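Hello,

Here is the structure I promised to hand over. Please open it before you read on; my notes follow below.

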Amino acid sequence: MTESFTERLARHISVNGPLPLAEFMHWAMSDPAQGYYATRQPIGRDGDFITAPEVSQMFGELLGIWAIAAWQAIGSPAHFNLVEIGPGRGTLMADMLRAAASHPSFMSSANIIFVETSDSLTQTQKETLVGHDTVEWIASLSDLPDRPSIILANELLDVLPVRQYVKTGAAWHERSVGLDTNGKLSWVLGTGRLPDDSLPAGHENEPDGAVFEISPVREAFIRNTATALENNGGVALFTDYGHGKTAIGDTFQAVKNHRPVDPLEMPGAADLTSHVDFEALQNIALSSGMHVFPLMTQGEFLLSLGLLERAGALGRNQSPEIQQRITGEAERLALPGEMGEIFKAFAFSGSAIELTPFPANDC
Ligand code: SAH
């Protein structure tokens with residue numbers, strides 16, 4: 001009988017010792033044979049979670065309008081990369097391109113590029129983007145052609161592995177996956193320690209059991225994005241859920257069928273994510289020489305881009321049921337209790353520009 005994913009992980013841990021959470025997350029999500037992305041179609045109403053582009057076409061349409069404004073803000077270059085990292089089913093890009101179709105000079109200047117690591121999602125993206133014959137797929141931002149870029153990513157950062165450290169006595173010990181006395185996967189404190197200077201000032205006296213998260217992989221993504229913009233110019237926009245100020249706390253979660261589950265119960269079967277520390281990433285972008293725009297909540301961002309007007313236009317002359325559905329979608333995207341406040345829009349550019357709808361660039 002083939003070994004289950006849980007058995008494989010347990011065997012690895014019994015030989016090599018506990019796996020830090022970040023490595024567990026990476027493995028559970030990305031194992032080519034038994035990992036989450038290889039074995040599931042996670043996104044959508046029938047999947048495990050639903051993202052903003054899957055909630056409503058309005059999300060992608062407004063981002064399409066935003067991308068045109070961003071392109072104009074960087075001087076309307078005749079050739080530029082329109083890049084999406086981690087495009088899921090490709091819905092966001094398809095909606096953006098439909099909204100931008102009325103702007104032929106933008107469309108003819110854009111080289112559409114997807115950065116994706118999952119073969120099965122690449123296949124889905126090809127099906128969604130059928131008819132757009134110039135789309136390219138690359139595995140890493142370092143393969144971007146040398147042109148200015150407008151780079152977008154929705155709900156990418158939250159899936160990238162996070163490291164957790166638990167305050168125990170004088171030190172912060174790395175939270176890891178080990179084995180209990182019955183050989184079952186269980187949480188343990190590993191040998192790793194929080195790197196020096198990671199903890200923001202004021203948190204020296206946290207109580208035992210406090211959890212602090214860092215994500216070197218997210219930081220590397222922001223650094224690589226900054227390198228692309230530094231070399232060839234352009235703008236990046238990351239929309240995701242998380243906090244605007246670095247904070248103490250455990251935000252790691254496993255979700256299956258839209259419900260929280262035990263992350264160690266069935267590795268590879270649940271989506272594993274954590275909240276994004278935007279302050280940490282803003283600091284990385286700043287130290288990489290980027291011009292960082294003040295963070296906006298998704299609600300503010302979409303309303304400033306004309307969410308209500310778009311909802312009104314879509315609902316005009318439609319049945320009350322359709323109008324109600326559109327109103328519901330707009331509320332889901334923008335209300336504070338829904339996706340409006342926890343989700344943020346984080347943007348930076350390679351040079352000092354004005355970028356709608358962000359407040360004046362203050363850095
Ligand atoms: N943006 C989509 C999908 C979000 S799910 C949406 O909003 O619906 C996360 C996406 O990131 C998936 O497409 C996943 O395959 C991709 N991904 C995960 N790790 C990645 C990496 N290291 N580089 C590029 N894409 C990655």
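How many Å separate the centres of domain 1 and domain 2, taken over C-alpha atoms? The figure is 29 Å. Bear in mind that this is a predicted model.

First, the layout. The chain is divided into two parts, and each is made of two segments. Domain 1 takes residues 5-34 and 163-214. Domain 2 takes 39-161 and 215-349. The two touch: 29 residues from domain 1 and 25 residues from domain 2 make up the contact.

Next, the ligand. Where does the ligand sit? You will find the ligand in the largest pocket. The shell there counts 19 residues. By class, 10 of them are nonpolar, 6 are polar and 3 are charged. Thr 51, Gly 86, Gly 88, Glu 116 and Asn 154 are the closest.

Three of these come with distances worth a look on screen. Thr 51 uses its side chain: a polar atom there lies 2.6 Å from a ligand oxygen. Gly 86 uses its backbone, with a polar atom 2.7 Å from a ligand nitrogen. Asn 154 also brings a polar backbone atom, 2.7 Å from a nitrogen atom of the ligand.

How much of the ligand does the protein bury? Taken alone, the ligand exposes 570 Å². The protein buries 93% of that.

Then go to the backbones of Gly 86 and Asn 154.

Best wishes

Terms used: Residues are numbered from 1 along each chain as its sequence is written. This is a predicted model: local features need pLDDT of at least 70, side-chain atom pairs count only at pLDDT 80 or more; totals for chains, interfaces and linings use all residues. Side-chain values use heavy atoms; hydrogens and water are left out. A residue is near a molecule or strand if one of its heavy atoms lies within 4 Å of it. A polar contact is a pair of N or O atoms within 3.5 Å; within protein, one must be able to donate a hydrogen and the other to accept it, and residues adjacent in sequence count only if both atoms are side-chain atoms. Accessible areas come from the Shrake-Rupley method with a 1.4 Å probe; for residues, only the protein chains shown count as cover. On a 1 Å grid over the protein atoms alone, a cavity is a set of points where a 1.4 Å probe fits but cannot get out, and a pocket is an open set with protein on both sides within 12 Å along at least five of seven lines; lining residues have an atom within 4 Å of a point. A molecule sits in a cavity or pocket if more than half of its atoms lie within 2 Å of its grid points. Ala, Val, Leu, Ile, Met, Phe, Trp, Tyr, Cys and Pro count as nonpolar, Asp, Glu, Lys and Arg as charged, and the others, Gly among them, as polar. Domain bounds come from an automatic or database domain assignment. Contact means heavy atoms within 4.5 Å.
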